[in-house]
Amino acid sequence: MAFISSGYNPDKPMGNRITDIGPRKYDEFYPPIIKANKGKWKYHQILEPGVLVHVSETGDKVFTVRCGGARLMSVTHIREICDIADKYCGGHLRFTTRNNVEFMADSLDKANALKADLESRKFAGGSFKFPVGGTGAGISNIVHTQGWIHCHTPATDASGPVKAAMDVLFDDFKSMRLPAHLRVSLACCLNMCGAVHCSDIAILGFHRKPPMLDHEYLDKMCEIPLAIAACPTAAIRPSKVELANGKTVNSVAVKNERCMFCGNCYTMCPSMPLADDVGDGIVLMVGGKVSNRISMPKFSKVVVAFIPNEAPRWPTTTETIKKIVDVYAKDANKYERLGEWAERIGWERFFDKCELEFTHHLIDDFRDSAYYTWRQSSQFKF
Amino acid sequence: MAKHATPLLDQLESGPWPSFVSDLKQEAESRAKNEKGVEHQIPQDVCEDILGILELSYKHGRTHWKHGGIVGVFGYGGGVIGRYCDQPEMFPGVAHFHTLRINQPGGKFYNTKFLRQLCDLWDFRGSGMTNMHGSTGDIVLLGTTTPQLEEIFHTITHDMNQDLGGSGSNLRTPSDCIGQARCEYACYDTQDLCYALTMEYQDELHRPAFPYKFKFKFDGCPNCCVASIARSDMSFIGTWKDDIRIDKKAVAAYVGGEIPPNAGAHSGRDWGKFDIVKEVINLCPTKCMSYEGGKLSINNRECTRCMHCINVMPQALRIGNEKGVSILVGAKAPILDGAQMGSLLVPFVKVEEPYDKIKEVIEAIWDWWMEEGKNRERLGELIKRQGFQKLLEATGIKAIPQHVKEPRTNPYIFWKEDEVKGGWDRDINEFRKHHQR
């Protein structure tokens, strides 16, 4: 493969250079019906799972068909999406915050044809390419991070557990039987590029072993003061270490009992890896939300301290999630989010009903905020 | 015949949900066939090696990617994330596998011309694999080599009129909800505010000068579909000041069962006949609504705009006319000092071009944070360390009860000298005249 220039001249990097132009302006990409009715929408209705109609004050209607997909997407797949948009939607489409694809049509007939077309397309391996759903009181697509496909700090994979979880939750993607919508998110480490800490159900990758120390290379690869400063619990201190060859080098020492396994040191210093096949796994958190509807936004709470990484399909993780969803579906009141339900029945009852074991790991002992989560009352349920 | 056997990944091809493994295999096959005769600028079998290295991670239970090196395009400090694998001999196709973040358009609306251009570029100069989209909102182009970076940047800026997004200690790519483009709840034009601020702060976006990352997100209403309140240093949430608009006829239609509640969101189960008192009036968090004698009334002064009643009866109730935005600050994920939700700073400001009132708040916050923030300290952590009062001082905003859920429960007020008459210089000898040692 011969190198082909784009026109860029490395000898004159500033020659003819274009910078700071930002993204394309949003309205360049609006379908005509969106452009004509922006700010005039009156109401919407979900006609069936995955199909919405928005009605404008002008009387115009736009029919949206929403379908799920992996956010890891090939150009071949995107071109197929483009073919569909060209055929039914005048060459327009959009993506949602939760990695769904939305096709917008100007008539219900077109939307129905589009839906049938989308549902008929399958990958060679047998899975749907464009399952229609993800609306209303159901489960939409899982937002997630990179995991083992592209990241250096993950404690679990992202695309794999998401695929496995969505297979198990598929019926709830395709239907609207839940008391309220239920948002599932995955972050493969607590850096949380995906910010899963306010989700109804959060799947979080977590390390459980303190960093290994690559003494021979540590001082060469890292700024030791930065590694020390990176530790939130001050567990890292400078130290001199004698190597097997008798040479003394500058390195660090870690007070293992103070380590909270956040991996921040590894982010600053590649000679302190934490990853471990046994140590790493999944934390399940539930009951968070970002909407201000009825109750205030809430953080998710840790309800399962650890599940091993069971590649390739993470069965314990997905079965536990399915169990929580089913108990919630059966027990919660209409409009009640998972966290609101857990608070109403009490967390002791939540563990009871979901048949989850409560262990000491689930009692907060991190900083001042821990106190506010203990029970300062004689009110509790047996 | 696949280059690497992937018995573990193959198990992720079954089941109904779209399989990323099948898609990777499809791309690997498409590159191998190369029907269009593309002169691939990075190894043609790159997708085979992605599958191979991922299979190895499935076997080992650990990632095989190393820390990013410092790579980028000339004059920018963000937008490119360097990535190398730790088994380059086994997987030469992904030995260098850098990511580019491309600033997504507002509302993530596209036309197919743009997307096809992007696909052609990524076929030609990259792995052919993307994220649509990354968590912050960017289009993520996964996997290319260092010599391609300037070429890609040249092509997107010259041929596509398109720029990179943010990474590192800079303004991260701002993102927005669908807003007024297709939502009746949107209280302001999220896409225009997002675009205007993205353009205004291009320098902050491309050239890291902050203590750490900084995120803007724009939610059109308190439903918060882009989760700005949980994950942006500055969260812009649409709201309104006046009365919820009531369409009496439509209320009657909901009560009479002619319109399904909550826009049909609950149609997957028989919840029984719609009961306005049980489902709306009694669930109102401020109990500011009543339904008597077939008449719905709202005491709007007591309403906190939670959206529940509007969500349940979108055809009968609409957001008010006097619309604006609430600004909340300091949200972040748990690393390091624990998760923080955004805290209300500006209860209401009108969203009017050129958005100067909003820019004033932003720039005052940045001045304070750049002066006082420690390396890798998010805004929320600085607010916690120095106190909400310091944030008010820095922004020149007066304290009001809306800033708190409740007043403090301890009296340890850090009185300032000028707040206490006479100041702090006192004469101990004068004191001793009346108080023996």
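Two strands count as paired if DSSP finds at least two bridges between them, and I take helices (H or I, at least four residues) and strands (E, at least two) as DSSP runs numbered from the N terminus. I am working on a predicted model, in which local features need pLDDT of at least 70 and side-chain atom pairs count only at pLDDT 80 or more, while totals for chains, interfaces and linings use all residues. Residues are numbered from 1 along each chain as its sequence is written, chains are lettered from A and ligands numbered from 1 in the order in which they are written, and side-chain values use heavy atoms, with hydrogens and water left out.

**Entry: strands across the interface**

I looked up strand E5 (residues 92-95) of chain A and found that it pairs with strand E3 (residues 109-111) of chain B in the antiparallel sense, over three bridges. Within this pairing, I noted B:Asn111 of E3(B) as the bridge partner of A:His92.

**Entry: extent of the interface**

Taking contact as heavy atoms within 4.5 Å, I find 143 residues of chain B in contact with 141 residues of chain A. The buried area, meaning the accessible area (1.4 Å probe) that two parts lose on being put together, summed over both, is about 12500 Å² between the two chains, and carbon and sulfur atoms give 58% of this.

I then looked for salt bridges (a side-chain nitrogen of Lys or Arg within 4 Å of a carboxyl oxygen of Asp or Glu), and the rule finds 11 of them across the interface of chain B and chain A. I looked up one between the side chains of A:Asp83 and B:Arg116, with an N to O distance of 2.9 Å. Helix H4 (residues 112-125) of chain B gives the largest share of the side that touches chain A, 10 residues.

**Entry: a sheet in chain B**

I followed an open sheet of five strands in chain B, with the order E6-E7-E8-E13-E14 and mixed pairing. Strand E6 (175-176) and strand E14 (343-349) stand at the edges, each with a single partner strand, so one side of each lacks a neighbour in the sheet. E8(B) and strand E13 (residues 323-329) pair in the antiparallel sense over seven bridges, and I noted B:Val329 in E13(B) as the bridge partner of B:Met234.

**Entry: B:Ile244**

I found B:Ile244 in the loop between strand E8 (234-240) and strand E9 (245-246) of chain B. The C-alpha atoms of B:Ile244 and B:Asn300 are separated by 7.1 Å, although these residues lie 56 residues apart along the chain.
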